[in-house]
Amino acid sequence: MAALGTGARRHSSSILSCFALLLFIATLFLFSALRRSFSPEGLSVGVQPSALRRDVPGEGYCDYSSGNWIRDQSSVIPRYDSSCKEIFKGWNCISSGKSNARELLQWRWKPSGCDLLPLDPVHFLRRFRNKSIGFVGDSLNRNMFVSLFCMLRKVYVGEVRKWRPAGADRGFTFVRNNLTVAYHRTNLLARYGSWSANSNGGALESFGFKQGYRVDVDVPEHTWAEALPFHDIIIFNTGHWWWAPSKFDPIWSPMLFFEKGMPVLPTIPPDVGISITLKHMISYIEKRMKSDGIKFFLTQSPRHFEGGEWNQGGSCRRVQPLGIEEVEDFFSLEKNGTNVEVRLVNQHLMKALKGSSFHILNITHMSEFRADAHPSTTGGKKHEDCMHWCLPGLPDSWIDLLISLLENLKS
C-alpha cells in the first residue's frame, strides 16, 4: 500500500509538472502575440517609428499619421498672422484674399486613439533653449520652417538675430533663449549642376548626350554639407524635383548621374538615381551627425493637381478636404494619375531608410486629404500652385506632429 501511495504521488507530481510547463509555454506564446499586435505597421523594419507614440501606458501605440480631419469652428484665430515677413506672398493666402483662407484654420487633425496637441510656442522656446534646429530640403521643407519661425516670432519678445549658419539659405536665433532655427535649401540633397558635352568627346558624349544636369550621387550639396555638426535636430526631405520633367527633361536636359567622379554607365533613370542618392546621403548623415543629434526624414508632401500638370492647366480650386475615396482616386499607384509621385517617392524613401537611425516624420496621409489647402491662384501666379501650402495652414499641423514626437523622444 505504501508503494502504491508513493507511485500515485509521483504520478500526480508528473501531471502537475507537465501542466506547469504547458502553462509557461502558453504564457510565452500569448506575450509574443501581444507584442506583435502592438507592433507599428506601415514602416520598414529598422526605421524608427516616429509617427507612433505610447499615448497611455499599457494601452498601446497611438499612430499620429492615421486619423481624420475634424472641423472645429471655434478655432478661427491664426496662431500667427499674415504680417510674418518670412511668408512668401504666394503662400500668404489670408492677405492675398483666398476665399477659404480663414476656413483652413478650422480644420484639426484627430489621430486615431489620441490627440495631437497644438504647439505651445512659449513652452517650446524654454524647452529647446541652447539648441539649434535645421530644415534641410526643398521648398516644402521651407514651408514647414516658415511655419515654426512665425509661431515662435508671434510670442517672442526680444532680439532675433538673422544670419546664415553653416551654409543655410536663412536662419534666425532667438537670442534670449539661444535657440536657432535655419533652412538649408537643397533640391536633391546631392550636388548637381549643368553639364555640357566636351568637344574632345567622352563617355557620355559617346552615347550622344550633348547637355543635361550632372548629379553626383555621393556628394552632398554645399548648402548643407557642414550643417550636421552644427544642428542638434535636423529635418530632411527630398522628392518633388526627382519627378520634374520641366526642369530635368529626359531628352533636352536629362539627369546624368556620377559616382566617385565618374559617369554611371549605362545611364540610369531618375527613379533609380534617387535610390542610389538616398543610400549615399543617409550614410553621409549618419557618419557626421552629432552623436546625440536627432534626425528626421519628412515623407513626401502630396500635390493636388486636377485636369493636368502645373504647366498644362492643372488646378486646385476645392474648398473642402477630400473624402477617403477621393484620396485613393488622386494617389492610387494603380491609377498612375498626375499626383502619383507622392507614393512613388515614399516607396524609395522607406526602402532607403531601412536599418537607419532616422525617425520618420510621416505627414503624407494626413496631407493627402487637404486639396483645399494649397495657394492655388493666390498671389496672382501664372500657373496655379497646387504643391505648396497656405500659411497659416497645413504645415502648422506638421509642426505640431514634429514637436509631439520630439517631446516623446526627450521624455
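Arg303 counts as buried, at 7% relative accessibility (buried is under 20% relative accessible area, exposed over 50% and partly exposed in between, with a 1.4 Å probe and protein chains only). Its salt-bridge partner is Glu309, with the closest N and O atoms 2.9 Å apart. Glu309 itself is partly exposed, with a relative accessible area of 22%. A salt bridge here is a side-chain nitrogen of Lys or Arg within 4 Å of a carboxyl oxygen of Asp or Glu. Elsewhere, salt bridges that share partners join Arg191, Arg214 and Asp216 into one network.

A word on the ground rules: this is a predicted model, in which local features need pLDDT of at least 70 and side-chain atom pairs count only at pLDDT 80 or more, while totals for chains, interfaces and linings use all residues. Residues are numbered from 1 along each chain as its sequence is written, and side-chain values use heavy atoms, with hydrogens and water left out.

**The overall picture**

The protein has 8 helices and 14 strands; these are DSSP runs numbered from the N terminus, with helices being H or I of at least four residues and strands E of at least two. Of its 411 residues, 48% count as buried. Taking contacts (heavy atoms within 4.5 Å) with a separation of 6 or more, 76% are between residues 24 or more positions apart. The accessible surface, from the Shrake-Rupley method with a 1.4 Å probe, comes to about 20000 Å², and carbon and sulfur atoms hold 55% of that.

**Charged pairs**

Side chains of opposite charge can pair when their charged atoms come close.

| Pair | N to O distance |
|---|---|
| Arg71 and Glu103 | 3.7 Å |
| Arg79 and Asp400 | 2.8 Å |
| Arg303 and Glu309 | 2.9 Å |

What do Arg71 and Glu103 form with their side chains? They meet in a salt bridge. Arg71 lies in strand 2 (residues 61-71) and Glu103 in the loop between strand 2 and strand 3 (107-112), so this pair ties together parts that are 32 residues apart in sequence. Both ends are partly exposed: Arg71 has a relative accessible area of 33%, and Glu103 one of 30%.

Now follow Arg79 to its salt-bridge partner, Asp400. Asp400 belongs to helix 8 (residues 394-410) and Arg79 to the loop between strand 2 and strand 3, so the pair ties together parts that are 321 residues apart in sequence. Asp400 is buried, at 6% relative accessible area, whereas Arg79 is partly exposed at 28%.
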